[in-house]
Amino acid sequence: MGKDAKARIQKGKLLSFIPTGEYYFTKGLKAYHRRDFIKAKKYLGRAMQLEPGEPMITCQLAIVSTELGEFENSNRLLHQILEELDSEMVECHYFLANNYAHIGFFKDAYHHAKLYLQLEPDGDFSEDTEELIELLTFEADGLEDELFLEQEDLIFKQEQARELLESGYFPKAIELLKEVVKEYPEYWSAYNNLALAYFYLGKTEKAESILQDVLERNPGNLHALCNKLIFAHYQGQTKNVTTMLQSLKKIQPLLIEHQFKLGTSFALVGEYELGYLWLKKLYKNGFDGDGPFYYWLSYSAYFTGYENFAQNIWKKMLMIYPDKEGMEPWNAEKAPINGLEDQSGSIFQKLESDYVEERLFALFLTAISSNKEEIITSKRLFQNQKFTSLEKEYISLIRSGKPSMTSDAQEIAELFYENFQPIGTIESGLYLMWFSLYVEVSKANISLKNKRAWAGAVEYMWHKLRSEKVSQQEVAERYGLSTATIGKYVKIVNDYLN
């Protein structure tokens, strides 16, 4: 028995040696400095197995992978650090920039290099990063101009899509966002907005499949995770909301857009303290926000006890969205919430939509609006060149009350309004589904005599598309119908929707 072996025996007991992650990490570093990258990879891989959540080990393994020319594996590890382990390990952006430059992905390299300098302008790798950017712009002539133009195009389209979503132009938003993801297949923000558009239109399964695709191709995407939380909240999936909140609470994002998304998502689901934490941080750092930013900052401030601050922020919000007056957080419980039916600006926008179902929906909103006279007598309505005979007939109905074929569409929508008011972003999906269906059945001269059956069938399909659990019997009882009648009309509605 050798000397070392004897040293392990004390009073008849064998003292086992159990190496730790730190032990293998040290051995891996020694091998790396000897430039024995094969052994370094072996030891660091073992260290990572023993301590999978340690970002330093993962980062060193990524560096070794780069030395071995395994750029894809290195990038995977670096993204894992930033998205799951330690978002403040900014040097990972420098390593990613180098990797992407080596494999010829100059745009990705440029993006990460710029991001590193933005987050760490005086960092250890700042000089090297500046040299890399110079090299990139030399290697890819006009890259900076190309990226600028591409970014401008994306910003314009993204802003246009956001405005369409906020105004309830879901079909138009979907059309635009489909173009964006086709042209920029890794522009994740567009996918997330596309998922929102489908969700608000009532196509829940489609929306969730898009988010799942994003998370598979871009693991840890914060916008997708936040949207999953929002979808679960709206669908009343309490357990899922609780589980997702536990994960999101651990995230400490560096990017402003991520802090904004996280803060507004927390506030939207009622986690006001966390919402206030992130949104107030942005405000203190001089973030020049838009309407939704001030809206949720005011709400989160009010419900965490900062009433004076909430009132000051709400004034800023009203300067952007004056039609939100009356929706103050301090009036949230006692004052009625204004829906789309009382927002003249939104109604006029929908009246000028390229989609007939949105124009019909806008006319229904006009019919029930407290601003009906203002809208129906306006020049904008008279000068609208997009109206077909169907909308003109509807306008005549609203003005005179004279029965027409559009009376059926109005009465069925009124049946929805008994249960779904005020009309918000979610509810608008039901009405849009109805008017989209109405356009098709009017072309086919289908009778709408049994209005309660049509309304019940459309509502049932809307719930089904949103993956909400509701039975045909439940809907039949609400509309005073037999289950057989609802079943019959559901088949008809389903045929026209498909």
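Helices α23 and α24 are roughly perpendicular to each other, because an angle counts as roughly perpendicular when it falls from 65 to 115 degrees. In this predicted model, helix α23 spans residues 389–400 and helix α24 spans residues 406–419. The angle between them is about 70 degrees, and their axes lie 9 Å apart. The crossing of α23 and α24 is right-handed. On the α23 side the contact is formed by Leu-390, Glu-393, Tyr-394 and Leu-397, and on the α24 side by Thr-406, Ser-407 and Gln-410. Sorted by class, the contact of α23 with α24 holds three nonpolar, three polar and one charged residues.

The loop between α24 and α25 contains Pro-422. The peptide bond that joins Gln-421 and Pro-422 is cis, with omega of about -10 degrees.

A further packed pair is formed by α26 and α28. Helix α26 covers residues 451–465 and helix α28 covers residues 483–497. The two helices pack at an angle of about 65 degrees, and 8 Å separates their axes. The crossing of α26 and α28 is right-handed. From α26, the residues Ala-453, Trp-454, Gly-456, Ala-457, Val-458, Tyr-460 and Met-461 take part in the contact. Their counterparts in α28 are Thr-485, Ile-486, Tyr-489, Val-490, Ile-492, Val-493, Asn-494 and Leu-497. The contact of α26 with α28 comprises twelve nonpolar and three polar residues, with no charged residues.

Helices α26 and α28 also contribute to the second largest pocket, where each supplies at least two residues of the lining, as does α25 (425–443). The space in the second largest pocket amounts to about 410 Å³. Its lining consists of 16 residues, and those nearest the centre of the pocket are Leu-201, Lys-203, Met-433, Ser-436 and Leu-497. Leu-497 is also one of the α28 residues that meet α26. Helix α25 gives the most to the lining of the second largest pocket, with five residues. By class, ten residues of the lining are nonpolar, three are polar and three are charged.

The pair α11 and α13 was examined in the same terms. Helix α11 runs over residues 188–200 and helix α13 over residues 222–234. Their packing angle is about 10 degrees, with the axes 10 Å apart. Helix α11 is therefore roughly parallel to α13, because angles under 35 degrees count as roughly parallel. The crossing of α11 and α13 is right-handed. Residues Asn-192, Ala-195, Leu-196, Phe-199 and Tyr-200 of α11 meet His-223, Ala-224, Asn-227, Phe-231 and Tyr-234 of α13. Of the residues in the contact of α11 with α13, seven are nonpolar, three are polar and none is charged.

One backbone feature concerns Arg-35. This residue lies in the loop between α2 (21–33) and α3 (37–50). Arg-35 has a positive phi of about 65 degrees, although it is not a glycine.

How values were computed
Residues are numbered from 1 along each chain as its sequence is written. This is a predicted model: local features need pLDDT of at least 70, side-chain atom pairs count only at pLDDT 80 or more; totals for chains, interfaces and linings use all residues. Side-chain values use heavy atoms; hydrogens and water are left out. On a 1 Å grid over the protein atoms alone, a cavity is a set of points where a 1.4 Å probe fits but cannot get out, and a pocket is an open set with protein on both sides within 12 Å along at least five of seven lines; lining residues have an atom within 4 Å of a point. Grid points are joined across faces, edges and corners, and a volume is the space filled by probe spheres set on the points. Helices (H or I, at least four residues) and strands (E, at least two) are DSSP runs, numbered from the N terminus. Ala, Val, Leu, Ile, Met, Phe, Trp, Tyr, Cys and Pro count as nonpolar, Asp, Glu, Lys and Arg as charged, and the others, Gly among them, as polar. Axes are lines fitted to C-alpha atoms, for helices over the stretch in contact, and angles run from 0 to 180 degrees between N-to-C directions. Angles under 35 degrees count as roughly parallel, over 145 as roughly antiparallel, 65 to 115 as roughly perpendicular and the rest as oblique. A crossing is left-handed if the near helix is turned anticlockwise from the far one by less than a right angle, and right-handed if clockwise. Contact means heavy atoms within 4.5 Å.
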